[in-house]
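Morning, everyone. I have one structure to go through, so please bring it up on your screens and follow along.

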Amino acid sequence: MSGNGKVTLTIDGKEVSVPAGVNVIEAARHAGKLVPHYCYHPRLSVVGNCRICLVEVEGMPVPQIGCNTWVRDGMVVHTESEKVLRLREGVMEFLLINHPLDCTICDQAGECKLQDYAVDHGSGITRHEFEKTKKPKNVSWGDRVVFDSERCILCTRCVRFLDEVAGTDEVGIDQRGDSSTLIVKGDGKLTSPYQMNIIDICPVGALTSKDFRFKSRLWFMQFTHTICTSCARGCNVILGSRDNRVLRMVPRVNPDVNDHWMCDFGRLHYAFANDPERLAAPRVAGKGAPYPVAVQRAAALLEGARGQGILAVASPFMTNEELHSLKGLCDALGVEDRYFLKPVGEGDDLLVHPEKCPNARGAALLGFAEAPADWPEKEWGALLYFVPREGADLPEELLERAKKKVVFALRPRDADVLVPLTTWIEKDGTVVSAGDRVQRLSKGITFEPTLLTERVVLDRLRAAVDAEAGKAADTAAQAFTRLCADVPAFGELTWAKVGLQGAPLARQEASA
Amino acid sequence: MKETRVMLEFADDPAQRTLEGYRGNGGYQALEKALKEMKPDDVTEEVVKSGLRGRGGAGFPTGRKWKFVPKGNEKPKYIAVNADESEPGTCKDRVIMEQDPHQMLEGTLLAAYAVGATTAYVYIRGEYMECIATVEKAIEEARAANLVGKNILGTDFSCDIWVHPGAGAYICGEETALLTSLEGNRGYPRIKPPFPAVEGLWRCPTVVNNVETLACVTHIIKRGGPWFASLGCEGSTGTRLFGISGHVKRPGVYELECGKGTLREVIETFAGGTLSGRPIQGVFPGGSSFQVLKGDELDVRFDIDSVAKAGSSLGSGAIAVFDDSVRAVDVALNVAEFYAHESCGQCTPCREGADWVRNMLQRFADGEARKGDIELLMDVTDKMNGTTICALAVAIVFPIQSFLRKFRPEFEACIAKVTA
């Protein structure tokens, strides 16, 4: 070992230093080389069945599979020798002789490793002149996954994921040889709440999503790197949209948060963003109104209520920047009662967090208290209320105790001034996820071009009630910089440090 | 040339199947000697001295295999007796199990003592109903006589033996697939490393030995490694059971000292040559997964190294003979059909390639092969060669490529004449 837990080896003539204990596929990544692989997955056990990662290792009599060859000091590996390329072409040919080649109707097209490696290593013609094997197609594996055995290359990633990560061990292999096919044990329906991850890790089009099937070709879609907001975990995701409608979410790798996975609930929970019943413009006294009118009216109501007390109820679905703006407004208005509602539910051992919102931590850090079970016996001149996206709401009785109501909501409801909320995929911002990790949301779609984000509305409200208010932040990044300067827990963080992978808060008494 | 009966010395005596009969002929003396007079390492050393090589087909030196078992490892250790005899033509382990099962059990206990194993499993081919019954009965008898179980013969050594019948898959004779199957999983071979001696059954050190190998161990400990090494020839010591089958007058299992003659002499002397009297067209000297030898290539000395030098292998000692009444093309197809049927389907080249090879050979057999098919077959089998987890793909490559090389005119004759 060359020290520091590093091993030095030569890959395709280039000397690289890699962490001890990695395999040749991972070592090759360090050397900027992709060793093609199907069955190997960094988070699953190594089975070595696809055989496309064969490489030559000097001193070994026959080619070795990169996935099960562990680096040693002084090892000399060839990933692109004539022999390796010939065998790779051979494996590609074997994989394709019984494959239906139905890319034109396959959802995987565009993100298919068979397509990718066929372009890189395939021969372009077939030498196989026999009837292809016939296997089950369009097999429903329950509510979420569809299986096509003819497209399957039997890499067993799905088998291993369900056994080793999800812990349900519910898929196995039936038959043998080229009749081998995957089956779901028992009644043939998957049960795991994480089952859709097998669609992501399936390197080919054998497993497709019932939710996303046939909705769009990938190359017509836009992709946004953001996070899931269904619980406090904040799983990193890539959100796919088309024509400003959310079509799917898939996990984005982040070893500190969700690794390679996400739960099915979070993945499938986006319909509210596309909801046609959503509020698309503010309303004043039940009637549609432009933003300036709504802001003016809301400012007047809040100003007027100063003497009688104002109840501010934030939402844990708001970003830190929005909460910071709300805090500024509350300070300007002298609001004493500052709360937020926190939806809770069941969690599990893998990813699902019992807090069913992305930013309860941020709300607490910005000075909002978790709503009490018993509200104080008092009345308020006005209520400034951000309705949680789901999972919690103020009791009717409490709403009646406020004389005037300024409400931010997704859907129409009763209020003196009603302002539309935007969903997480319509704005940039940050939240504080479980483990006190600051993570970034990114704008991916525009639901309605005239919608303003909550931060902009709040800053305008602030300007309307506070002559001392300085110029509002132009961007979420700017707002975050101001927040960091203002709230010590955010300390040395910057927008860039948070990046797309997130960063821990300065405060270390992390709550799980 | 004549037989040298060591393992089969008492095989014809029905009493030998019982513990009483076996003991009457000196049975379990080797075990007693080992447990009371030898240290475990002495047993291994004796086996090393004997020059014994595995009888399952690969011919790996048994003593060396035992030495791979790590010392000082706290995990339990296991012996897995490979009694899944399924290589086409092989039928010698069956004779041991049916007619003299205790010598295998005694060898198993000796191996367990040598490597420190406390449990042994005998993985018997599911079709071998009688073997399963006789071995199970033998274990019961031995257990009742304190030869299997706790504190064997009053010593500190304990070892239990269990029979585990297979379910009919050829692949389960591959040592890692055998272990996967023993664990209750689908019989898929596993990637090596780790090797079974280090991480085998339930990830514990496991020695996998063939039935005949363990039977030899009994005689080695009883009569000494040097005695065993004095039999046979250098590189192929002791006696071996050869199962001769195919187009011969007297098919059967014969116990011979290697190197005492040529393959042709073995076939002529013991099996009486071809039944039809027609010339031998070809022979598989060690099971169908190795290269075929043509009728004019049989004057090779029958020992592991000489047959290897001649481009084939003594394998599992299954000598399969075919005369010129069949077409070489059909024999090749028959072989390919077997392996295509038995491919477990795990590795891409074997799963997809095996049936492709079979289909192409069918086209030859039907006289409908295309020009270039021989080259295509060579290329496809080349890409299956050494590119899979286990040797099943190679068991297609070796014989088929040898057929294409050695019987090329026969294959060329099957290429369809273009008439258009």
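Chain A has 14 helices and 24 strands. Bear in mind that this is a predicted model. The C-alpha trace of chain A spans about 85 × 50 × 35 Å along its principal axes. The chain is divided into domain 1, residues 6–80, and domain 2, residues 283–504. Between the C-alpha centres of those two domains of chain A there are 50 Å.

Next, some totals for chain A. Of its 512 residues, 57% count as buried. Its accessible surface comes to about 21100 Å², and carbon and sulfur atoms account for 52% of that. Take the contacts in chain A between residues at least 6 apart in sequence: 65% of them join residues at least 24 apart. On charges, chain A has 62 positive and 68 negative, and their mean positions are 3 Å apart.

Now to chain B, and one helix there. How many of the residues of helix 8 of chain B are buried? The count is 8 of the 8, residues 175–182, so helix 8 of chain B is largely enclosed by the rest of the structure. Buried here means under 20% relative accessible area. Among those buried residues are E175(B), T176(B), T180(B) and S181(B), along with L178(B), L179(B) and L182(B).

And what covers them? The cover for the buried residues of helix 8 of chain B includes helix 4 (62–67) of chain B. It also includes four strands of chain B: strand 1 (78–83), strand 2 (119–124), strand 3 (160–165) and strand 4 (206–210). Just after helix 8 of chain B comes G184(B), with a positive phi of about 95°.

Note on methods: Residues are numbered from 1 along each chain as its sequence is written. Chains are lettered from A and ligands numbered from 1 in the order in which they are written. This is a predicted model: local features need pLDDT of at least 70, side-chain atom pairs count only at pLDDT 80 or more; totals for chains, interfaces and linings use all residues. Side-chain values use heavy atoms; hydrogens and water are left out. Domain bounds come from an automatic or database domain assignment. Buried means under 20% relative accessible area, exposed over 50%, partly exposed in between (1.4 Å probe, protein chains only). Helices (H or I, at least four residues) and strands (E, at least two) are DSSP runs, numbered from the N terminus. Contact means heavy atoms within 4.5 Å. Accessible areas come from the Shrake-Rupley method with a 1.4 Å probe; for residues, only the protein chains shown count as cover. Lys and Arg count as positive and Asp and Glu as negative; His and the chain ends are not counted. The place of a charge is taken as NZ of Lys, CZ of Arg, CG of Asp or CD of Glu.
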